[in-house]
Amino acid sequence: MTDPAPSAVRPEGPWTHRDVAANGARFHIAELGDGPLVMLVHGFPQFWWTWRHQMVALADAGFRAVAMDLRGVGGSDRTPRGYDPANLALDITGVIRSLGEPDAALVGHDLGGYLAWTAAAMRPKLVRRLTVVSMPHPRRWRSAMLRDRRQSAAASYIWGFQRPWIPERQLTADDGALVGRLIRDWSGPRLPEDKVVETYQQAMCVPSTAHCSIEPYRWLVRSLARPDGIQFNRRMKRPVRVPTLHLHGSLDPVARTRSAAGSGEYVEAPYRWRLFDGLGHFPHEEDPVGFSAELINWLKDPEPDR
């Protein structure tokens with residue numbers, strides 16, 4: 001399957017673009033630097049480019065930074081199925097293997113954070129360290145969505161995604177204007193530049209991207225009472241046994257701090273919680289220098305504290 005819009009989802013920069021095969025599909029990655037692998041996984045409504053600042057900082061710090069597009073997004077394959085979290089997590093660990101690395105420090109934001117939690121629990125030997133941004137542990141997320149009215153209201157867009165076809169049309173209408181509104185509404189006071197927002201809008205308007213971006217959220221809700229969802233939730237009782245850094249913006253309007261805090265109960269390894277004061281749902285873009293420094297200092301710490 002050829003990339004439908006290379007210019008929209010492969011912005012030029014110091015990185016190199018290429019495709020790798022993993023878990024039955026083809027994934028687009030951007031990579032920069034040499035050294036221990038740091039795998040960066042984006043969330044909604046973005047693509048790999050959200051990590052552009054961290055890629056440069058990580059490469060300068062002596063790491064091999066690789067940002068991948070999730071299945072159905074950016075330059076990766078848009079398959080008809082395979083959007084449940086267990087399979088999406090296997091996409092990530094499959095890419096790590098395809099890169100010829102024994103393991104990676106895994107960094108995930110939003111949906112990418114949910115999948116990073118999942119990958120660390122399912123394939124612990126492939127995850128050297130875990131960093132999760134703006135996302136509670138899957139069991140905390142499930143509990144908060146079902147029992148916390150404020151969290152359920154904060155993530156109302158996920159409930160709206162359960163309708164057929166309408167959400168896809170809303171995301172792509174007026175050249176992706178809704179994507180721009182979501183990114184601005186979910187950010188803290190440091191709003192993104194218009195050109196940055198336009199890049200995400202263009203990427204969402206690549207054919208089939210909106211549908212594929214929504215499918216994981218449809219699974220998360222529709223599986224709540226289904227055997228596959230119950231089984232997944234049970235599997236996620238398995239503790240994370242790798243050092244974990246949990247980063248969150250104090251003004252995040254989507255994933256409430258109360259929902260995310262406490263995820264450490266599922267980590268049987270050094271766990272560090274860091275709240276960025278005055279930042280929203282995208283701390284890595286709102287304060288790229290501060291975020292990158294926090295991440296790199298932790299990655300280089302031989303004995304991360306509990």
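In what order do the eight strands of the open sheet line up? Keep in mind that you're looking at a predicted model. The strands run β1-β2-β4-β3-β5-β6-β7-β8, and their pairing is mixed. At the edges sit β1 (16-22) and β8 (271-276), each of which pairs on one side only. From one strand to the next, the twist averages 20 degrees.

**Inside the sheet**

Let's zoom in on β3. Strand β3 (residues 37-41) runs parallel to β4 (residues 64-68), and five bridges join the two. If you want to trace the pairing by eye, Leu 37 stands opposite Arg 64 in β4, and Val 38 has Ala 65 as its bridge partner.

Is β3 buried or exposed? Five of its five residues are buried, so the strand is largely enclosed by the rest of the structure. Leu 37, Met 39 and Val 41 point one way from β3, while Val 38 and Leu 40 point the other way.

Which helix packs on this sheet, touching β3? That's α4 (residues 111-122), which also touches β5 (104-109), β6 (127-133), β7 (244-249) and β8. The direction of α4 makes about 145 degrees with that of β5.

**Helix pairs**

| Helix pair | Angle | Axis distance |
|---|---|---|
| α8 (residues 166-186) and α9 (residues 194-204) | about 130 degrees | 8 Å |
| α8 and α10 | roughly 135 degrees | within 9 Å |
| α2 (residues 52-60) and α14 (residues 288-300) | roughly 45 degrees | within 10 Å |

Take α8 and α9. At about 130 degrees, the two helices are therefore oblique to each other. α8 passes α9 in a right-handed crossing. On the α8 side, the contact includes Leu 171, Thr 172, Asp 175 and Ile 183; on the α9 side you'll find Asp 194, Val 197, Tyr 200, Gln 201 and Met 204. Sorted by class, this contact has seven nonpolar, four polar and three charged residues.

α8 also meets α10. With a crossing of roughly 135 degrees, α8 is oblique to α10, and the crossing is right-handed. Here Pro 167, Glu 168, Leu 171 and Thr 172 of α8 face Ala 210, His 211, Ile 214 and Arg 218 of α10. That contact divides into four nonpolar, two polar and two charged residues.

α2 passes α14 in a right-handed crossing.

**A closer look at Ala 210**

Ala 210 belongs to helix α10 (residues 209-222). Why does Ala 210 count as buried? Its relative accessible area is 4%, and buried means under 20%. Leaving out residues up to four places away in sequence, Ala 210 touches Glu 168, Leu 171, Thr 172 and Met 204. By contrast, the C-alpha atoms of Ala 210 and Leu 130, 80 residues apart along the chain, are separated by 28 Å.

A few spots deserve a second look. The peptide bond from Phe 44 to Pro 45 is cis, with omega near 0 degrees. You'll find Pro 45 in the loop between β3 and α2.

Trp 165 lies in the loop between α7 (156-160) and α8, and at 54% relative accessibility it counts as exposed.

Asp 175 has a positive phi too, near 60 degrees, and again this is a residue other than glycine. Asp 175 is located in helix α8. With 62% relative accessibility, Asp 175 counts as exposed, and Asp 175 is one of the α8 residues that make the contact with α9.

Definitions and conventions
Residues numbered from 1 in each chain as written. Predicted model: local features only at pLDDT ≥ 70, side-chain atom pairs only at ≥ 80, totals over all residues. Heavy atoms only, no water. Pairing = 2+ DSSP bridges. Helix = DSSP H or I, 4+ residues; strand = E, 2+ residues; numbered from the N terminus. Axes fitted to C-alpha atoms, helices over the stretch in contact; angles between N-to-C directions. Contact = heavy atoms within 4.5 Å. Parallel < 35°, antiparallel > 145°, perpendicular 65-115°, else oblique. Left-handed = near helix turned anticlockwise from the far one by under 90°. Nonpolar A, V, L, I, M, F, W, Y, C, P; charged D, E, K, R; others polar. Buried < 20%, exposed > 50% of the residue type's maximum accessible area, 1.4 Å probe, protein only.
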